[in-house]
Amino acid sequence: GELLTHVLRKLLAPVPDVALIALPYVANERDAILQGDAANADLVLWGAVEPATEQRVVVSPHITLTRRLDPIVPQSDLRLCGLESIALPQCDLRVVNGRYIGLQPLQSLLLGLVFYTYGADEEARNELAAARIALGDAVSQVTAAVRLLEGNLHLTHERWNEASAAFAAALRDSQIGALAAVNLGVLHALRGETVAALDQLTHAVAREPLLAMAHHNLAVLQARVDRRVDAEGHFRRALELDPSLSESYRGLAAILRAREDLWGAEHFLKQAIAVQPADAQARRDLAALLLDTGKPDAAARQLQIARRLEPQQATTLYLLGIAHERAGATAAAVEALEAAIALDPRSVEAHAALARLYRENNAPDDAARPIMPVTRVTADARAHLELGQTYLQQFRDAEAEHEFRAALAKEPRYAAAHLALGRVLRRQGRAGEALSAIKAALEADPKLLAAYHELAELRAEQNELE
């Protein structure tokens with residue numbers, strides 16, 4: 001193997017930050033995974049090497065991936081299938097005039113995997129295409145594996161047609177085809193073709209019932225269309241097959257939370273963090289749950305870790321602001337909310353929370369500042385309501401009425417906006433209009449106690465006038 005080792009050193013030398021580690025003898029894929037993990041190696045090249053002559057060897061290479069090559073789908077709980085192992089065709093390695101001949105497919109594929117693993121997508125695509133050309137057009141497991149990885153690269157860059165063609169080509173292999181079937185379902189889902197995605201993933205589960213990623217992705221889509229019982233079953237099956245899927249724990253937690261099983265939801269979110277401590281979304285979800293159960297300090301601890309993992313995430317900072325507010329740390333809450341707005345100027349929640357903080361801390365002039373831009377850039381009625389509440393506190397009744405009516409134009413059954421409109425109309429002495437607005441609030445939300453109090457006070461005033 002010294003000749004092959006020398007070739008690999010030359011091959012990998014131009015690639016920055018990639019080192020070649022010599023492992024003890026590897027007899028099979030299990031050894032490759034165990035020894036690769038122990039040596040902190042991401043890819044292990046192993047296989048039989050048979051000397052033919054002094055300058056010629058026959059190599060039967062395998063590449064085993066200890067680093068998971070399941071690409072993350074941005075802003076989604078859907079997951080793409082990657083690869084764990086590839087067996088290459090036999091290579092006849094020769095030295096001719098000081099040059100190594102016969103390793104072109106291995107060279108291109110190995111380089112493609114190195115680039116793919118470390119996120120150099122364009123270089124990976126070029127090398128994988130070169131490997132496919134070198135291997136020829138005959139359908140084999142290795143060409144199907146190459147097409148699967150090419151499809152993943154196209155999909156993550158939203159080249160839908162190229163991705164679909166690559167997955168379709170990979171479908172023809174019995175083993176890799178099951179992975180391609182799952183990824184084709186993910187592609188349909190990302191394009192908004194929910195029915196086609198559900199059909200494709202249902203077929204993928206039937207084709208390979210032991211594939212965890214097929215169950216996981218099917219469950220994600222079933223949860224989206226409110227088939228929660230089915231989704232829960234597939235999330236649980238995915239975790240039986242692969243307990244490291246933190247997204248499946250998150251999916252289960254969301255279903256249980258909707259069922260108001262807060263203890264169960266918290267348990268699964270903690271499981272998600274235990275198997276994947278770098279899952280910032282799991283920490284945000286857990287923090288939101290802790291806030292709902294009156295534990296702002298514990299929520300803040302989770303959010304501080306999430307912030308270190310993803311410093312540019314506005315939702316983390318918004319939730320951190322809420323946690324500080326509920327813990328009584330007003331200055332820290334304002335700082336976090338202003339940081340959230342700096343990252344996402346269109347965040348209605350952050351603007352509304354900051355305005356509320358200013359208003360509750362007797363700074364009504366400041367309260368209008370964070371919320372005014374939102375009413376111009378968003379269709380969210382809550383922004384208008386918050387700005388109207390600020391004007392109401394400043395006794396700017398005409399402007400308050402305008403904002404409340406703007407909120408109702410966007411959400412006609414917004415009970416809180418009807419009630420607020422009733423209050424400002426009542427203050428202006430327009431009792432009949434106020435009564436209509438308060439009744440509209442109760443029609444929209446019969447459990448709105450504040451509306452009953454407002455109605456009682458309005459009728460008492462009318463009786464006094466009579």
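**Figure 1. The surroundings of Ile 63 in a predicted model.**

**Figure 2. The nonpolar cores.** Let us step back from Ile 63 to the core it belongs to, the largest nonpolar core, which has 99 residues. Which residues touch the most other members of this core? They are Ile 63, Leu 83, Ile 86, Leu 109, Phe 167, Ile 176 and Tyr 318. Helix α7, residues 176-190, supplies the largest share of the core, with 10 residues. There is also a second, separate core of 27 residues, and among its members are Leu 387, Leu 442, Leu 448 and Leu 455.

**Figure 3. Helices α11 and α12 side by side.** Two packed helices are described by the angle between their axes and the distance between the axes. Here the pair is α11 (residues 246-258) and α12 (residues 262-275), whose axes come within 8 Å and cross at roughly 170°. Because of that angle, α11 is roughly antiparallel to α12. From α11, the contact is made by Ser 246, Tyr 249, Arg 250, Leu 252, Ala 253, Leu 256 and Arg 257. From α12 come Leu 262, Gly 264, Ala 265, Phe 268, Leu 269, Gln 271, Ala 272 and Val 275. Sorted by class, the contact of α11 with α12 has 10 nonpolar, three polar and two charged residues.

**Figure 4. A salt bridge between Glu 310 and Arg 284.** Side chains of opposite charge can pair when their charged atoms come close. The structure holds 22 salt bridges, and this view shows the one between Glu 310 and Arg 284, with the closest N and O atoms 3.1 Å apart. Glu 310 sits in the loop between α14 (296-309) and α15 (314-326), while Arg 284 belongs to helix α13 (residues 280-292). The two residues are 26 residues apart, and the pair links distant parts of the chain.

**Figure 5. A salt-bridge network around Glu 433.** Salt bridges link Glu 401, Arg 405, Arg 430 and Glu 433 in a network. Glu 433 pairs with Arg 430, their closest N and O atoms being 3.0 Å apart. Glu 433 also forms a salt bridge with Arg 405, and there the closest N and O atoms are 3.9 Å apart. Glu 433 lies in helix α22 (residues 431-444) and Arg 405 in helix α20 (residues 397-410), so this pair ties together parts that are 28 residues apart in sequence. Glu 433 counts as partly exposed, at 38% relative accessibility. Arg 405 is partly exposed too, at 37%, and Arg 430 is partly exposed at 25%.

Figure 6. The secondary structure comes to 23 helices and five strands. The protein has 466 residues, of which 48% count as buried. Among contacts with a separation of 6 or more, 49% are between residues 24 or more positions apart.

How values were computed: Residues numbered from 1 in each chain as written. Predicted model: local features only at pLDDT ≥ 70, side-chain atom pairs only at ≥ 80, totals over all residues. Heavy atoms only, no water. Axes fitted to C-alpha atoms, helices over the stretch in contact; angles between N-to-C directions. Helix = DSSP H or I, 4+ residues; strand = E, 2+ residues; numbered from the N terminus. Parallel < 35°, antiparallel > 145°, perpendicular 65-115°, else oblique. Contact = heavy atoms within 4.5 Å. Nonpolar A, V, L, I, M, F, W, Y, C, P; charged D, E, K, R; others polar. Core = buried A, V, L, I, M, F, W, Y, C linked by side-chain atoms within 4.5 Å. Buried < 20%, exposed > 50% of the residue type's maximum accessible area, 1.4 Å probe, protein only. Salt bridge = Lys/Arg side-chain N within 4 Å of Asp/Glu carboxyl O.
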